[in-house]
Amino acid sequence: MKKPILLAIAFIACLAYSTEAQQISPTPDQVKMLTSQWTGERFADGRPKVSDDLLKRLEKLSMEESWGFLRNKGYHNQYENDWIIIDDDRAMTGRALTAQYMPLRTDVNDLVKEIGKKEDRTQAGGTNSWPIDKLVDGDIYVADGYGKIVDGTLIGDNLGNAIYAKSKKGVIFYGSVRDLAGLSAIDGFNGWVKGHDPSYIQQMMLTTINYPIRIGRATVLPGDAVLANKYGVIFIPAHLVADLVINGEFIMLRDQFGIQRLKEGKYTAGAVDSKWNETIVKDFLDWVNKKSDLPMSREELNNFLKDRNW
């Protein structure tokens, strides 16, 4: 097995019996090992720092484009759907800060609190505030609440305001929230959750922050780029984001050109929907060279086209 996979298995193992051996979050070096294929800038906690420009461009891509690219790269478990969305008219992109919750077990929860005290984590309120304390601008709080709805509400509007103040983003919860009306009133905040309920969080415990987690059928690592819209949520390994974005933007251009030519009656549907012949390729290149509103830079497009097999 590859080193990152072995490391992930070790991270997800049961809590150690010794507080000296266990930590709530991995060290920056451990996060770097887990995300070793990323070669760019990182946060102080070791998470990959995908650029704001790429995240903004990612927001315009479709689920199908992003999902298809990842599948072709061998990443088959990065998508989850069937969400309740606070504002489904807005897409959200950002960098994942992960947290895992489990059903309460008193001895383990006591250990987590003891470790948290040694790590100088706040002792006021519940441990569900700990991930929020670590958020920075551009982060999306991604939590595995194991699908619990009643008594599984990870935040209400107070914590929602705290999340937005730190990240200017929102949440992806495989679990629930309370006070959906209050959360909806936070200007700019958004969330993808599995349910909502007026109850408070009970019989749950935080176990880890910034370790690998499961969100439905997806595996999420700290620093993954998140694309969330009305059609689902996809978690993109940081080292693949740049290639995924330029690939998706090119497909958008290709589709735009194809639809325009079909409306004009210039080509048949079969010709546009299969491998293009030299005539269509030349027509497309002439068309794209005249465009003044490309989603990527002209240099990025030219470099991408060098290796394009039509």
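This talk walks through the cores, the helix packing and a few individual residues of one predicted model.

Before the details, the model is predicted, so local features need pLDDT of at least 70 and side-chain atom pairs count only at pLDDT 80 or more, while totals for chains, interfaces and linings use all residues. Residues are numbered from 1 along each chain as its sequence is written, and side-chain values use heavy atoms, with hydrogens and water left out.

Let me start with the cores. By nonpolar core I mean a set of buried Ala, Val, Leu, Ile, Met, Phe, Trp, Tyr and Cys residues joined through side-chain atoms within 4.5 Å, where buried is under 20% relative accessible area, exposed is over 50%, and partly exposed is in between, with a 1.4 Å probe and protein chains only. The largest such core has 28 residues, and those with the most contacts inside it are Tyr101, Tyr141, Ile155, Ile163, Val171, Phe173 and Phe189. At least two residues of this core come from each of β3 (92–103), α5 (106–118), α6 (130–133), β4 (139–144), β5 (170–177) and β7 (204–209); helices (H or I, at least four residues) and strands (E, at least two) are DSSP runs, numbered from the N terminus. A second, separate core has 19 residues, among them Leu70, Tyr79, Ala225 and Ile236. As background, nonpolar side chains tend to be buried together in soluble globular proteins.

If we leave aside neighbours within four places in sequence, and take contact to mean heavy atoms within 4.5 Å, Tyr141 touches residues including Leu97, Tyr101, Pro131, Ile163, Val171 and Phe173.

Now to the helices, where I will give both an angle and an axis distance, since two packed helices are described by these. Axes are lines fitted to C-alpha atoms, for helices over the stretch in contact, and angles run from 0 to 180 degrees between N-to-C directions. How do α9 and α11 pack? Helix α9 (residues 241–264) meets helix α11 (residues 278–289) at an angle of about 110°, and their axes are 11 Å apart. That makes α9 roughly perpendicular to α11, on a scale where angles under 35 degrees are roughly parallel, over 145 roughly antiparallel, 65 to 115 roughly perpendicular and the rest oblique. On the α9 side the residues are Phe250, Leu253, Arg254, Gln256, Phe257, Gln260 and Arg261, and they meet Ile280, Asp283, Phe284, Trp287 and Val288 in α11. By class this contact has seven nonpolar, two polar and three charged residues, counting Ala, Val, Leu, Ile, Met, Phe, Trp, Tyr, Cys and Pro as nonpolar, Asp, Glu, Lys and Arg as charged, and the others, Gly among them, as polar.

The helix α12 (residues 298–306) also packs against α9, at an angle of about 90° with the axes 11 Å apart, and that makes α9 roughly perpendicular to α12. Here Ile246, Asn247 and Phe250 in α9 meet Glu300, Leu301, Phe304 and Leu305 in α12, and the residues divide into five nonpolar, one polar and one charged.

Rings of Phe, Tyr and Trp (its six-membered ring) pair if their centres lie within 6.5 Å, with planes under 30 degrees apart called stacked, over 60 edge-to-face and the rest tilted. The whole structure holds eight aromatic pairs. One of them, Phe257 with Phe284, is edge-to-face, at 5.3 Å centre to centre and 80° between the planes. Phe257 lies in α9 and Phe284 in α11, so the pair ties together parts that are 27 residues apart in sequence, and both Phe257 and Phe284 are buried. Ring pairs also link Phe250, Phe257, Trp276, Phe284, Trp287 and Phe304 into a cluster.

Finally, some single residues. Tyr146 sits in the loop between β4 and α7 (157–167), and Asn210 in the loop between β7 and β8 (213–215).
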